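This briefing is meant for a reader meeting the structure for the first time. Please look over the sequence and the model before reading on.

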Protein chains: 2
Amino acid sequence: MDITQFVEGSIGQWRSQRSAHHMVFAHFEAVRSEIDIVALTPDNLAVIELCQSYDIDPSQAVAPFHMSWEGESDWDEKEVLKGSTVLVPIPDPNIPNKGLLLRDRGYAETMPAAAHYHITEDGVFVLITEYDRAAAEERIWFVNPNLRFRVATIKTSDGTGVVTASFSSELRNMSKA
Amino acid sequence: MDITQFVEGSIGQWRSQRSAHHMVFAHFEAVRSEIDIVALTPDNLAVIELCQSYDIDPSQAVAPFHMSWEGESDWDEKEVLKGSTVLVPIPDPNIPNKGLLLRDRGYAETMPAAAHYHITEDGVFVLITEYDRAAAEERIWFVNPNLRFRVATIKTSDGTGVVTASFSSELRNMSKA
């Protein structure tokens, strides 16, 4: 599995169930959402501008995509969780299945955030993002072509403690395929 | 990471949060439990008898252990989830980090169940159990020495559909270490 195959397999609309475990208080949170992943062409203006904002030559971009989501949490049913982002993989030219993933904004911060990815021999896409006050690790893999799992951890930036662990099961929405 | 290291790292008492996603109805279930994992010696009578029930020479057993759990689900707060089992790894003499895991009973059935395990390069312990009407896959890994994650899927035995996906975060109980 390389980054192009991983992104191609992810294109589509997904129905997500996410469970977050807030470790300190052993609290559960349940989130239902719809996730839409759309391929972008390398000459898309948003892709070019994102590369330029990181001083990266846009010709290095591989399989860029747009992701949007909308959902609700059982913690606050009035709040709609909604957002979208452009994501641009920049493979490392020297190391297979390793590189940067540019985003126009992070999940936990509002500043642009570059994350480091690698894909394990076992086909797991691992994404590590360092923020000012925290670090996030995501592990995403396909159980079958229509089911993705995603395990995310948020750690304090000194790496000592895991604050939140979450698990998403993402089922391809066949009715809208 | 080999099977002995994996079992050694697992010995202790754990506070588990488990979220199950019942895929068809997009339903969430939350389970809190305590898990106790205790090392057994190879000459333990339960270990010897379990090997014999599978016609396996007990001298092939490596790092046997006893696991017990007690918890409750938010689906039925009156029901106490409680059980215990003896587990005996039997490494494959020819293939590193691969083998059988004998149990005196399965999670989903009451008959004895032998599962196949392997440990990935990435340090993930993968366990596959075939039952009469279903197959279970568990992936267990350490985030740090005091935090284990466990992702389990239950599939129909023909392998087509994932019925339930669950995620457990297991935090070492320091107060009882």
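Which residues does I56(B) touch, not counting residues up to four places away in sequence? The residues in question are C51(B) and I90(B). The model is a predicted one, and the points below take up the surroundings of this residue, then the meeting of the two chains, and then the helix that opens each chain's list of elements.

**I56(B) and its surroundings**

- I56(B) sits in the loop of chain B that runs between helix 2 (45-53) and strand 3 (65-73).
- Because I56(B) has 16 C-beta neighbours inside 10 Å, this residue counts as partly exposed, a residue being called buried at 20 or more such neighbours and exposed at 12 or fewer.
- Although I56(B) and E77(B) are separated by 21 residues in sequence, their C-alpha atoms are 41 Å apart in space.

**How the two chains meet**

- On the side of chain B, 23 residues are in contact with 23 residues of chain A.
- Four strands of chain B, namely strand 1 (12-22), strand 2 (27-39), strand 9 (147-156) and strand 10 (162-172), each supply at least two residues of the side that touches chain A, and strand 10 of chain B gives the most, with five residues.
- The residues on this side of chain B divide into 13 nonpolar, six polar and four charged.
- Of the interface residues of chain B, 100% are also interface residues in chain A, so the copies meet through the same surface.

**Helix 1 in each chain**

- In chain A, helix 1 covers residues 3-10, and its buried residues are I3(A), F6(A) and S10(A); because these cover an arc of only 65 degrees around the axis, they lie on the same side of helix 1 of chain A.
- In chain B, helix 1 (residues 3-10) has I3(B), F6(B) and S10(B) buried; seen down the axis of this helix, the buried residues fall within an arc of 65 degrees, so they line one face of helix 1 of chain B.

Key. Residues are numbered from 1 along each chain as its sequence is written. Chains are lettered from A and ligands numbered from 1 in the order in which they are written. This is a predicted model: local features need pLDDT of at least 70, side-chain atom pairs count only at pLDDT 80 or more; totals for chains, interfaces and linings use all residues. Two residues are in contact if their C-beta atoms, placed from the backbone, lie within 7 Å. Ala, Val, Leu, Ile, Met, Phe, Trp, Tyr, Cys and Pro count as nonpolar, Asp, Glu, Lys and Arg as charged, and the others, Gly among them, as polar. The arc is that of the directions from the helix axis to the C-beta atoms.
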